[in-house]
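Work through the exercises below with the sequence and the model open. Each task is followed by a solution in steps.

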Amino acid sequence: MTLRFLGTTSDDGDCPTLYEVDGTDEILVQGDRETDPEHLVQLRDVKPSETFVRVPRGLLTRYAPKAEAPELVPFAEVSYLFREFRHTAWRLETRRGYASDRNSPKWARFLAGEDVVADPGNAWRENVRVQTAQGKRFERVRLVDEPLTQGQEFLLASGLGNAAAGEDIRNLPRAEAERLPDFDFWLFDSKILVRFAFDDEDTTLGVYVTEDPTEVLAACQARDAAWHHAVPTQEFARRVRSTV
């Protein structure tokens with residue numbers, strides 16, 4: 001089972017931190033171990049396997065989930081959000097590659113050295129044009145490695161076409177993203193969080209949809225931190241070309 005970062009009140013990346021254990025209704029708490037003998041003797045019904053940690057009340061107030069864990073649903077069930085959002089659709093991409101990209105016809109052309117930027121319009125780009133013409137914003141930050149993985153090179157090349165359609169795509173080196181979540185998500189209107197689930201082959205298994213204020217707040221904070229440091233994709237592409 002994987003852990004999902006919920007939030008921390010530490011400014012330097014140390015504990016305390018909260019995590020959710022995916023697939024369960026359990027929360028993992030990271031903090032300083034309790035060692036005060038006077039406190040330990042007051043604890044009741046302690047099993048040999050148990051330990052105790054201290055965390056600030058503010059950590060639980062800000063980040064402890066206040067709703068039941070959402071169910072995994074097919075990504076197709078949230079497709080309407082890309083048309084019906086009112087202000088901003090924002091994406092964080094954290095993986096080094098995606099099965100959906102590798103299975104697309106464009107992937108083979110990319111490997112053959114063809115220009116995939118000027119591909120004919122598709123349904124995604126057309127919707128981006130329609131929504132941005134109404135004053136809405138499509139934005140995303142992609143975490144990238146040094147050097148870029150093949151999957152990231154593909155996204156950089158094809159993403160220039162998406163940017164031309166009106167998407168504001170930016171890139172952030174993974175080394176500068178230590179405080180960001182390690183999962184992909186869409187955030188709609190700072191209100192609805194759509195979190196992806198993948199298997200080990202980078203295939204999308206589905207998404208978790210929630211309006212839990214705690215989870216949405218954490219996503220908003222991640223968005224603000226990532227957006228502040230990320231580099232627009234056109235500028236990032238020029239930097240990459242200059243080093244080749």
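**Exercise 1: a charged network**

A network of salt bridges links Arg91, Glu93, Arg140, Arg142, Glu167 and Asp184. The model is a predicted one: local features need pLDDT of at least 70, side-chain atom pairs count only at pLDDT 80 or more, and totals for chains, interfaces and linings use all residues. Residues are numbered from 1 along each chain as its sequence is written, and side-chain values use heavy atoms, with hydrogens and water left out.

Task: Take the pair Arg140 and Glu167 and find how far apart the closest N and O atoms are.

Solution. 
1. The criterion for a salt bridge is a side-chain nitrogen of Lys or Arg within 4 Å of a carboxyl oxygen of Asp or Glu.
2. For Arg140 and Glu167 the closest N and O atoms are 2.6 Å apart, and the pair forms a salt bridge.
3. Helices (H or I, at least four residues) and strands (E, at least two) are DSSP runs, numbered from the N terminus.
4. Accessibility classes are buried (under 20% relative accessible area), exposed (over 50%) and partly exposed (in between), with a 1.4 Å probe and protein chains only. Arg140 is buried at 6% relative accessibility, and Glu167 is buried at 3%.

**Exercise 2: the partners of Asp202**

Task: State which side chain meets that of Asp202 in a salt bridge at 3.2 Å, N to O, and describe the salt bridge between Asp202 and Arg95.

Solution. 
1. Asp202 and Arg95 form a salt bridge in which the closest N and O atoms are 2.8 Å apart.
2. Asp202 sits in the loop between β11 (192–198) and β12 (204–210), and Arg95 in the loop between β7 (88–93) and α4 (99–102), so this pair connects parts 107 residues apart in sequence.
3. The side chain at 3.2 Å is that of Arg102.
4. Asp202 is buried at 15% relative accessibility. Arg95 is partly exposed at 25%, and Arg102 is partly exposed at 33%.
5. By the salt-bridge rule the count is 20.

**Exercise 3: the sides of α6**

Task: Decide how the buried residues of α6 are arranged about its axis.

Solution. 
1. Arg125, Asn127, Val128 and Gln131 are buried in helix α6 (residues 123–133).
2. Down the axis of α6 these residues fall within an arc of 160 degrees, so they line one face. The arc is taken over the directions from the helix axis to the C-beta atoms.
3. The face turned away from the buried side carries Ala123 and Ala133, which are exposed.
4. The buried residues pack against α3 (81–84), α5 (105–111), β8 and α7, where contact means heavy atoms within 4.5 Å.

**Exercise 4: the whole chain**

Task: Give the number of helices and strands and the share of residues that count as buried.

Solution. 
1. The protein chain has nine helices and 13 strands.
2. Of its 244 residues, 44% are buried.
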